[in-house]
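Please keep the sequence and the three-dimensional view at hand while reading.

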Amino acid sequence: MNPCHVCQEPTKNKCSNCNQVSYCSVQHQKQDWKTHKPSCHPFKIAHNEQLGRHLVATRTIKPYEIILKEAPLMRGPAQISAPVCLGCLNSIEADDHIECTECGWPLCGPECKSLDEHKAECSLTKARGDKVSVTDFNGPHPLYTCLSTVRCLLIGETSPEKASKFQELESLESTRKGSNQWKADLTSIGQFIPKFFKTQKFSEEQIMRAVGALQINGHEVPISDPPHVAVFYTASFTENSCLPNLAKSFNKNGHCILWAPREIKKNAHLSICYSDAVWGTADRQRHLMQTKLFKCACVRCVDITELDTNYSAIKCEDRKCGGLMLPIKADDWNGSWRCRECHKQVQKNYVERILERAGQDIHSMEKNVESGLKYLKHYEKWLPPQHYHMSEIKILLAQLLAKDQQELMIVPDDRLLLKLQFARELIELYEIIAPCKFRMLGTLCFELHSAIAEQTRRVALETSLSPKDRLEESLFYVDKCVNYLQYESDIFVEGHMLKQAKINRDALRMITRIS
């Protein structure tokens with residue numbers, strides 16, 4: 001029994017959404033809803049010494065359920081950025097922008113001058129006494145390196161209600177201090193801000209703490225071109241996992257949407273991937289150590305086979321063996337590798353030569369079907385079919401093999417079968433190791449649905465057999481596509497794909513009912 005949140009009467013009833021606040025009656029729950037709504041989520045913020053603050057599910061979360069929608073505390077240009085409008089954060093051209101009349105910073109138009117986002121650097125620049133002059137619009141601009149940090153430093157003045165929340169966020173300053181990245185940030189931001197803006201308003205310690213908080217808690221937000229960085233409060237408490245149970249979307253306003261691609265059990269810790277789940281383990285570990293300053297020990301990282309997919313393995317040096325080579329120690333990807341069949345060992349430099357050449361060839365190759373097929377044929381000598389480099393090429397080919405409906409109708413049968421094969425393989429693989437990559441999975445499901453529908457059309461023309469089974473499979477994958485992409489805004493390519501997928505799904509539902 002817990003006291004009712006309104007009248008304190010003992011009750012067994014709790015809010016069904018968050019499972020944390022008690023009410024003795026529906027009337028009292030409705031009465032308190034306006035107050036309770038902002039904090040009514042199916043999770044709680046917990047704390048322990050190892051993880052610090054983290055999120056724990058307070059009930060079972062259903063597949064595709066949204067658990068959080070959150071506006072940013074701060075948003076601004078990426079640390080490495082070409083000149084962008086300091087209102088909407090979209091790219092601007094040398095001959096197509098205006099300058100803020102008060103500070104000189106470039107804007108894309110007068111409507112962006114009054115946006116709250118621009119207040120921080122505008123006020124600091126006015127106090128400097130000299131307007132900013134940005135004349136080089138080609139490539140990263142050094143002045144933009146410090147702007148998001150400035151916005152963090154002045155959040156107490158521009159958004160006082162958000163300042164206390166920002167101060168709660170971890171900066172890992174004691175861990176970062178003295179590292180190469182910290183030293184570079186000290187020069188380009190910590191020492192630059194007082195000098196450029198002619199201010200003693202911030203201490204070096206304050207500036208470097210803001211830099212750390214921004215780098216540790218920042219999210220890349222793709223609603224602008226180029227993407228910008230934003231800091232969210234509650235979303236910052238999600239743990240890292242390279243096999244996360246949450247996916248992260250953004251609406252057209254830049255608000256973060258966290259949702260569950262699969263069911264999440266009560267009391268489970270909630271996680272997102274701080275790195276890129278399509279990378280191999282060595283690359284993810286390296287990236288996390290460089291940017292977030294920790295070594296991941298999630299279920300995928302501690303399993304050298306990456307959930308039996310051998311996503312990072314190479315083929316045994318002995319061509320007669322047919323086995324796969326992986327690091328001898330699961331926690332040391334820089335050590336020797338050993339074949340899991342014949343136990344032959346090779347040094348890391350042998351592996352590096354293969355992977356570096358394979359990566360360089362992807363980077364330099366022409367992105368067309370023939371080049372992709374040639375790559376797969378060449379590297380099958382060293383890499384297994386599910387290796388991350390091979391999978392990257394298959395993702396490309398699954399989309400290039402008939403890029404639209406017109407091409408799909410005339411693509412040769414053997415190429416159509418390849419499209420079907422690659423799409424099926426990739427969906428099966430990434431639903432195991434990267435269920436959070438919903439944009440990629442949604443796209444692959446749409447490609448597979450379209451290819452199955454085209455194959456069905458061809459079979460129906462040649463035989464009198466009922467195509468119902470194939471149509472139902474096509475419907476199955478377009479349904480998956482809709483589920484994966486359902487929270488994508490129409491400002492993204494995937495948002496437009498979602499609209500078409502819904503049309504196709506409704507048509508297929510009608511056809512399968514008739515047949």
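Helix H7 passes helix H9 in a right-handed crossing, where right-handed means that the near helix is turned clockwise from the far one by less than a right angle, and left-handed that it is turned anticlockwise. Helices (H or I, at least four residues) and strands (E, at least two) are DSSP runs, numbered from the N terminus. The model is a predicted one, in which local features need pLDDT of at least 70, side-chain atom pairs count only at pLDDT 80 or more, and totals for chains, interfaces and linings use all residues. Residues are numbered from 1 along each chain as its sequence is written, and side-chain values use heavy atoms, with hydrogens and water left out.

Two packed helices are described by the angle between their axes and the distance between the axes. For H7 (residues 180–190) and H9 (residues 204–217), the axes come within 10 Å and cross at roughly 120°. Such axes are lines fitted to C-alpha atoms, for helices over the stretch in contact, and the angles run from 0 to 180 degrees between N-to-C directions. On the H7 side, the residues that meet H9 are Gln181, Trp182, Asp185, Leu186, Ile189 and Gly190; on the H9 side they are Glu204, Ile207, Met208, Val211 and Gln215. Contact here means heavy atoms within 4.5 Å. By class, the residues of this contact comprise six nonpolar, three polar and two charged. In this division Ala, Val, Leu, Ile, Met, Phe, Trp, Tyr, Cys and Pro count as nonpolar, Asp, Glu, Lys and Arg as charged, and the others, Gly among them, as polar.

A second pair of helices is H12 (residues 369–379) and H13 (residues 388–400), whose axes come within 10 Å and cross at roughly 150°. The two helices are therefore roughly antiparallel to each other, a term for angles over 145 degrees, while those under 35 count as roughly parallel, 65 to 115 as roughly perpendicular and the rest as oblique. The crossing of H12 and H13 is left-handed. Val369, Gly372, Leu373, Tyr375, Leu376 and Tyr379 of H12 make the contact with His389, Met390, Ile393, Lys394, Leu397 and Leu400 of H13. Nine of the contact residues are nonpolar, two are polar and one is charged.

Ala358 lies in helix H11 (residues 348–364). With 0% relative accessibility, Ala358 counts as buried; buried means under 20% relative accessible area, exposed over 50%, and partly exposed in between (1.4 Å probe, protein chains only). Beyond its neighbours within four places in sequence, Ala358 is in contact with Tyr375, Tyr379, Leu383 and His389.

H17 passes H18 in a left-handed crossing. Their contact has eleven nonpolar, three polar and seven charged residues.

Attention may now turn to the backbone. Most residues other than glycine have a negative phi, and most peptide bonds are trans. Asp225 and Pro226, however, are joined by a cis peptide bond, with omega about 5°. Pro226 lies in the loop between strand E9 (218–221) and strand E10 (228–231).

Another loop runs between helix H10 (281–291) and strand E15 (314–315), and Leu293 lies in it. Although Leu293 is not a glycine, its phi is positive, at about 65°. Asp308 has its place in the loop between H10 and E15, and its phi, near 65°, is a positive value in a residue other than glycine. Leu293 is partly exposed, with a relative accessible area of 24%, whereas Asp308, at 65% relative accessibility, counts as exposed.

Leu288 is placed in helix H10 and, at 0% relative accessibility, counts as buried. Not counting residues up to four places away in sequence, Leu288 touches Asn240, Cys242, Tyr274, Ser275, Leu293, Phe294 and Cys296.
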